[in-house]
Amino acid sequence: MPASFFLVVSVICVHLDFMRMRWLAAWWVSCVFAAGADPGAQLVTPKLPKKAELTKNKPAGLTPIEAKNPSIHQNPGVEDAIPAVVKALGEPAMMNFPAGIEMAVSASTDKVQAHVNQGMNHLHGGWEFEASCHFAAAMREDPECLLAHWGMLICLLTPTPETASASIAVTSRMLDLVDQGKGSELERGYCYGLIKYMESGPVGAANAFRKVSEKFPNDLQASIFTALFSRGGYDEFGSCTPDQEIAEKILRDLIVKFPNSPLPLNALLTIQSDGPVSSSSVEHAERLCQMSPDYAPYFHLLGHYEWRAGHHGKAATAFGRATSYYESWMRKNKVPVADCPEWVKAECYRIVVLSSKGEFETALAAAKQIAATPIEAGRASSPGARLLMWDAKTLPSRILMRRNLRGNEVEAQASLPKGQEMKSYSKDTLAYFWMDGLRLALEVERLTSKKDFSSARNVVEAMGVLGEAFSKTQARANRSGERALWTRGFRAYEVLASDVRGSLALDGPKDRSATAYNWYASAVDRERFATMMFPPVILTPMGARVGEYYLTVGKPKEAIESYNLALEKFPNDMILLQGLKVAYESVKLTDDVRTTEERIESLRNY
């Protein structure tokens, strides 16, 4: 799933303690591709220890998953290695991937090979669940297909409580198959790269896949994996790090070498998704959708780039296409929302785009609709349910916070799930910390609007206590496969805490108003684009707060500068444009006022 998995691997640590995988990786790496070998060295199929030797070297004690599933390390069967939610579905349908992966797979039948190739194409699109369905079909048809096991393990690398036992079982089976000499040299090279990642992270995986790509220069995937694992992201000024430059060059060279393949183009757009956006980025995303005109993940990617470029109307259309395709797929395959977090993600993003465009009523109505999506009984720890709780069920309150009219804070508080409702899910998700944080922030706003500054400061202190407790749940988030959502929520909470402190200082006693700028500047510094093409959590650009501060203290020229600076980061955001118009009016720049009004009107009518 390079579109999501390979973004995750660059920013978070995989669940090594939870899966007890270090001991497996240690002996594996010691047997294959000697460290520091010459780049052109021959790949050698390792002679791996037998199962008895693994058991002898395994750390003492059992994890809870192992205790409940004692057969995991006793020759687990194919069914043990397939998540229950995948087993409950029928055989997945084939999709058309023009110029996609058509790899010669070591498989017993053409059908197995077709399912493996389908799975790998979906992995590159970031659609892990659909990929796992195809790998499961291949494993059932051919229990000795190494690449099917490799693909399933990638799908389950960040397990939830629902998939943890299958993740352990498929790892054991994959290693057994390598031990038996199954698969081609290239396929065992893929396995080596994956285990190297689990043992030493993205750097180790990048080096491993680089060796594989040098041995097999015409293999597109190995080169893509090298780039994706090598990516270094961007610095605080939006400039490429040296590793990012190298990764992007690898992918650009692949685009030239394989001009008709969507895979290197998708990979390049994926690793650039949280960096600066140019017109060429949007053009590349449009081209990707033209290559695969019915593929939902590509339209989500297009929507992300259109929004980042300030093309809100086009972004809403692209996300609408993505959600429509996901809905059709769910109906056809009888898949619940619990197993399609991609739909939740795309629909939430579409709604956020509408709010950025200034269509508050439309956005709020849609937000209330998705927030009402029920959590399937017994599935609260599923990816879809967790995203519903972190994003969808908080979306109406966040849209109301962005609108920021008098009385909105009370309505926003009422829109959040009740504490008792969330208590029943406390073992399945950490989203209740984020919801409680929103509740407290809204209470600060309510008390501040009533001029009850003393009580508001008490609530701010409570936010600090909650923040400390929130931060201490990081290890649990790592173990339970909720790290990405936790990170987004916690970072948003830090921005929110600075924001409400700034508002309290600005609206409170005059002797404290000067500190408001520092709080707002802190919020701007903490504000980051979400990785993995998630929608933003904080919907109001913090640059708007700085502009509001300057207008309040009678410095309209500084406000104009702040609004324009924020618009560089959030092009065409309606709140920023409206604030800029007010700032221009304050200094009687009539031409600029008229130009901004025309810009606002054109965006509303698009």
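**Helix α16 and what lies around it**

Author: Just after α16, G310 has a positive phi of about 85°. The model is a predicted one.

Reader: What makes α16 a helix of the expected span?

Author: Helix α16 covers residues 296-308, which is 13 residues. From its first C-alpha to its last it reaches 19 Å, close to the 18 Å expected at 1.5 Å a residue.

Reader: Why is α16 described as largely enclosed by the rest of the structure?

Author: Buried means under 20% relative accessible area. In α16, 13 of the 13 residues are buried, so the helix is largely enclosed by the rest of the structure.

Reader: How do you know whether L302 is buried or exposed?

Author: L302, found in helix α16, has a relative accessibility of 9%. The cut-off for buried is under 20%, so L302 counts as buried.

Reader: Which residues does L302 touch, not counting residues up to four places away in sequence?

Author: They are V282, A285, E286, C289 and A318. A contact needs heavy atoms within 4.5 Å. A318 is 16 residues from L302 along the chain, and their C-alpha atoms are separated by 6.3 Å.

Reader: What makes a set of residues a nonpolar core, and which members of the largest one touch the most others?

Author: The members must be buried residues of the nonpolar kinds listed for it, Cys and Tyr among them, joined through side-chain atoms within 4.5 Å. The largest such core has 182 residues, and V116, W150, M174, V344, M389 and I399 touch the most other members. Leaving aside neighbours within four places in sequence, I399 is in contact with I351, F360, A363, L364, A367 and L539.

Reader: How many helices and strands are in the chain, and how much of the chain is buried?

Author: The chain has 32 helices and 0 strands. Of its 606 residues, 58% are buried. Among contacts with a separation of 6 or more, 67% join residues 24 or more positions apart. The chain exposes about 24600 Å², with carbon and sulfur atoms supplying 53% of it.

Notes:
Residues numbered from 1 in each chain as written. Predicted model: local features only at pLDDT ≥ 70, side-chain atom pairs only at ≥ 80, totals over all residues. Heavy atoms only, no water. Buried < 20%, exposed > 50% of the residue type's maximum accessible area, 1.4 Å probe, protein only. Helix = DSSP H or I, 4+ residues; strand = E, 2+ residues; numbered from the N terminus. Expected span 1.5 Å × (residues − 1). Areas by Shrake-Rupley, 256 points an atom, 1.4 Å probe, with all protein chains shown as cover.
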